[in-house]
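Student: Hi! Could you walk me through how some helices pack in this model?
Tutor: Happy to. Have a look at it first.

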Amino acid sequence: MISDHLNQWLIEHADLLDSGHINEAELLPKLAAAEVFKIGVPTSLGGVGGEVADSVEAIAQVASQSLTAAFVFWGHRAFIEYLLQGDNPELRERLLPSLLSGEVAGATGLSNAMKYLAGIESLGIVVRRPIDDSKRLLDGVLPWATNLRKEGFVVAAAVEVENEQPLIAALPSHLAGINRSDDLDLIALRASNTASIKVENASLTDEWVISHSANTFLPRVRPAFLAMQCGMSIGLARRCLVAAKQQLGPTRSALRDDYEGVDRHLSHAGKQLQKGLSKQRFIKHPAELFAIRLTLAEVVANASQLELQASGGKAYVHNAANGFARRWREAAFIPIITPSVVQLKAELLRHQEVLFI
């Protein structure tokens with residue numbers, strides 16, 4: 001699904017993307033040139049057609065070589081999905097061409113919103129005061145967002161409005177009052193343009209509103225948000241298993257059953273994800289998607305551990321060519337992507353309590 005050219009570029013630059021020892025501005029145009037952002041976007045809107053499930057697979061293929069690239073891919077493609085499912089066709093028409101071409105970076109700042117939807121935390125951006133019916137002043141913070149490209153970005157955010165439903169807004173980097181921090185000092189994925197946003201007295205007009213009803217929009221878009229996120233886990237787990245299998249010679253044959261078990265769980269989770277998307281089950285049954293996301297996080301942990309055991313001591317020798325150290329750091333990121341493993345377990349427990357009652 002992804003081109004051989006992009007695949008080879010990712011192989012050659014994966015460690016540089018992870019360490020940040022690369023011009024991070026290169027990544028988004030490289031992905032855009034391969035037209036991966038057009039996957040799952042209707043041809044009538046400039047895409048190549050397909051479904052969200054196709055985007056999941058494309059993200060997985062990128063993640064099998066570089067989780068940094070997949071993280072950026074996911075954030076950018078998720079923002080595109082917000083426009084596709086949003087209530088503002090004029091905004092979609094205005095922004096989509098520059099997003100598909102990679103000229104402007106799309107950032108999914110809705111991690112806070114997904115926590116809000118689950119009742120975990122309040123929204124971080126609020127309307128300080130309305131100027132009139134179509135213009136509002138905003139204040140607040142997005143503590144974590146990826147793909148905040150210094151050359152220009154637009155980030156999605158949920159906004160609390162007093163005595164009204166929260167709304168979903170697109171906040172462009174050129175808007176006065178939108179302040180990007182320095183890149184966060186991450187231990188991996190350092191070329192992902194991950195930073196925080198401080199919003200101070202920023203003026204929001206209706207032309208930048210994706211949806212005036214966050215409570216309706218978020219459940220509708222959550223399956224795509226989480227499913228494409230799952231693509232990162234699928235791709236990384238696949239790559240760890242490939243590396244492990246290459247080491248399963250006579251001295252490591254005791255691990256073969258473990259390998260087959262992890263591979264089987266990965267395959268089953270992927271099929272359940274595809275099935276749920278095709279039947280659109282996850283809108284009304286989000287707990288099923290939460291469970292798949294948890295399963296995939298466990299699969300990644302087991303796959304990376306299996307790669308270590310199969311490789312033995314040589315995995316612990318610093319050698320950029322084998323990529324193990326990078327994949328180990330990448331695997332450590334999977335449980336903390338919002339919604340994190342802890343948050344998902346808490347949400348599943350809440351669903352079980354509701355069913356029990």
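Student: Which hand is the crossing of α4 and α7?
Tutor: α4 passes α7 in a right-handed crossing, right-handed meaning that the near helix is turned clockwise from the far one by less than a right angle, and left-handed meaning anticlockwise. Helices here are DSSP runs of H or I with at least four residues, numbered from the N terminus.

Student: Before we go on, what am I looking at?
Tutor: This is a predicted model, where local features need pLDDT of at least 70 and side-chain atom pairs count only at pLDDT 80 or more, while totals for chains, interfaces and linings use all residues. Residues are numbered from 1 along each chain as its sequence is written, and side-chain values use heavy atoms, with hydrogens and water left out.

Student: OK, at what angle do α4 and α7 cross?
Tutor: Roughly 160°, with the axes of α4 (residues 67-85) and α7 (residues 214-245) coming within 10 Å. Axes are lines fitted to C-alpha atoms over the stretch in contact, and angles run from 0 to 180 degrees between N-to-C directions. That makes α4 roughly antiparallel to α7, a label for angles over 145 degrees.

Student: Which residues of α4 and α7 meet?
Tutor: In α4 they include F71, W74 and Y82, and in α7 they include F217, F225 and M228; contact means heavy atoms within 4.5 Å. The residues of this contact divide into 13 nonpolar, 2 polar and 3 charged. Nonpolar covers Ala, Val, Leu, Ile, Met, Phe, Trp, Tyr, Cys and Pro, charged covers Asp, Glu, Lys and Arg, and the others, Gly among them, count as polar.

Student: And α7 with α10, what's the hand there?
Tutor: That crossing is left-handed. The axes of α7 and α10 (residues 324-333) come within 11 Å and cross at roughly 145°. L236, R239, C240 and A243 of α7 make the contact with R327, E330 and A331 of α10.

Student: How do the residues of that contact divide?
Tutor: Into 4 nonpolar, no polar and 3 charged.

Student: Changing topic: where does P335 lie?
Tutor: P335 is in the loop between α10 and α11 (341-356). P335 touches S340 and V341, not counting residues up to four places away in sequence.

Student: What about L294 and P335, how far apart are they in space?
Tutor: 8.4 Å, C-alpha to C-alpha, although P335 and L294 are 41 residues apart in sequence.

Technical notes: Helices (H or I, at least four residues) and strands (E, at least two) are DSSP runs, numbered from the N terminus. Angles under 35 degrees count as roughly parallel, over 145 as roughly antiparallel, 65 to 115 as roughly perpendicular and the rest as oblique.
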